[in-house]
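Hi,

Here is the structure I promised to pass on. Have a look at it first, and then read my notes below.

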Amino acid sequence: MAENNYVDTRGAVKEPVPFTEAVIEGLAPGGGLFVPQNIPTFSLDEIVSLADVPYAQRAARVYKAFGVDLPDETVDALMAQAYGDNFDDEAICPITSLDDKTHVLELWHGPTSAFKDMALQCLPRFFSASAKELRARGKLDHEFLILVATSGDTGKAALEGFKDQDGVKIAVMYPDGGVSDVQYKQMATQAGDNVMVWGVRGNFDDCQTGAKAVFGDAAFNERLMAEQKVALSSANSINWGRLLPQVVYYLSSYAQLVADGKLAAGQELDVCVPTGNFGNILAAYYAKRMGAPIGMLLCASNENRVLTDFINTGVYDISDREFVLTPSPSMDILVSSNLERQLFELTGRDSQAVAQWMDDLKREKRFRVDAGTFEKMRALYASDSVDSAACLDTIKRTYERTGYLLDPHTAVAFEVAERLRGENPVLVASTAHWAKFGEAVYRALYGIGLDEGLPAEVAALTGCELNALIERETGAAPVPAGLARLDEMPVRFTEVIDGTVDAIEGAVLSFCAS
Ligand SMILES: *Cc1c(COP(=O)(O)O)cnc(C)c1O
């Protein structure tokens, strides 16, 4: 296996750390993000031949190339568990081609029907194995509690990923009354012996602020360690262990398109990604760096268009930007954390420049990259934003033209691909099954604006019933079993707590002691 260690984007890590430590630590000591010291490359042959083996083995090949300080057999075994029959399609992330030049990469065949599963079926297994390995090396002697604040989707995917993993418990907080019926039921019915779900009185911001305060409470963290031998961790989307699984599917898709005769080996493929925290599209960039013949990276934003403006002007500015709620909530974001890794790579790994820009962003709510960095970014990326009405219109138009239903996130990317595409075929990353966002899809299909009321008989339906109605009327891809049967599953978690630091800490302590 290749040797590789991890450095950080702000230059605080003087002694590069191995994969296991980067995964367990998540964030580098100075607030920077871990990146591999060396980016491995694959020849075109090596990429194309990924199609000869099942997805789990494709993932193992990529991991080994990046250098994982776990035995090869462990990597193979963990990948076989991560990408097995917990997905409802043998291909794991199959590609649906809508025409010769438009290929939809379906990243939602996992247990929660959202693309977060691609990483969160993988990271928790490597997290648990890394902790075990570091315990064996005498570098660690405690267990972990993953504490997650969620606006809906990430919480469920994290629960599914961490359930029944050794040495880890997971607790998820969501805003009580602030998530959809489907999202609530997905979390409240969660299986597993090491999981906990709390509703929080307040909105998502209250959840997130509460969680941050608990992470920042040194006395509480010491007490948790002393009394329970537990450390808090977030395993959030800036963890390298969540990014690396995403690199796999871009290499794998390229190989698959060649194997299926839809692409000539070596032919360029553009990639269009509905972007929030910049993790998914950054993974496509790393796949390109590894040697995949990827052309332009098309970055799709919704009305929260901070990334589109950045890519088009070189200025990242949130000083005067309102946070807009859209039908694609997982892209409603102002600070895109993973962009920091891209800036690090674009500057030729200039950690001083990155640290300066991140400091500017913190103090002045904006930063501007230098002309050279801007030029390099423009050579790689193009970007546009799609407003909510255009998003719903894209769902309707695409359904009428092809019979294929897009979820609102994928629709944003689909529309951007249509606007920005050149000669190359385009791979559109599809990040959620439509049934996760049934209400928005219903509005799109029936031309009901987001500010209009739904017909009373529709408003009275549960999320599952509404999805069943859409499925009947469109004949589109059936609702996955995990979503379709939610109304019948027993509810396990009903506790609602205050969003105060005291209340959350109390709940954490009693869960750890249980
Ligand atoms: C998380 C998410 C995104 C955004 O992905 P990033 O990696 O944060 O850019 C897009 N769509 C859906 C459905 C998501 O859950």
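Which residue stands opposite alanine 300 in E13? It is aspartate 384. Before I go on, a word on the source: this is a predicted model, where local features need pLDDT of at least 70 and side-chain atom pairs count only at pLDDT 80 or more, while totals for chains, interfaces and linings use all residues. Residues are numbered from 1 along each chain as its sequence is written, and side-chain values use heavy atoms, with hydrogens and water left out.

**The strands around E10**

Helices (H or I, at least four residues) and strands (E, at least two) are DSSP runs, numbered from the N terminus. Strand E10 covers residues 294-301, and seven of its eight residues are buried, so the rest of the structure largely encloses it. Buried here means under 20% relative accessible area, with exposed over 50% and partly exposed in between (1.4 Å probe, protein chains only).

E10 pairs in the parallel sense with strand E13 (residues 381-385) over five bridges; two strands pair if DSSP finds at least two bridges between them. Strand E9 (residues 269-274) also runs parallel to E10, joined to it by five bridges, and leucine 269 stands opposite isoleucine 294 in E10. The chain gets from E9 to E10 through H12, in a right-handed β-α-β crossover (with the strands pointing away from the viewer, the path from the first strand over the helix to the second runs clockwise).

H12 itself (residues 279-289) has nine of its 11 residues buried, so it too is largely enclosed by the rest of the structure. Among the buried ones are Ile281, Leu282, Tyr285 and Tyr286. Just after H12, glycine 291 takes a positive phi of about 125°.

**A buried arginine**

Arginine 242 sits in helix H11 (residues 240-259). Arginine 242 is buried but has no salt bridge, and the nearest side chain of opposite charge, aspartate 117, is 9.3 Å away. A salt bridge needs a side-chain nitrogen of Lys or Arg within 4 Å of a carboxyl oxygen of Asp or Glu; Lys and Arg count as positive and Asp and Glu as negative, with His and the chain ends not counted. Leaving out residues up to four places away in sequence, arginine 242 touches several residues, including Lys116, Leu120, Thr154 and Asn236 (contact means heavy atoms within 4.5 Å).

**Valine 458**

Valine 458 is in helix H20 (residues 456-459) and counts as buried because its relative accessibility is 7%. Valine 458 touches Tyr442 and Leu466, again not counting residues up to four places away in sequence.

Cheers
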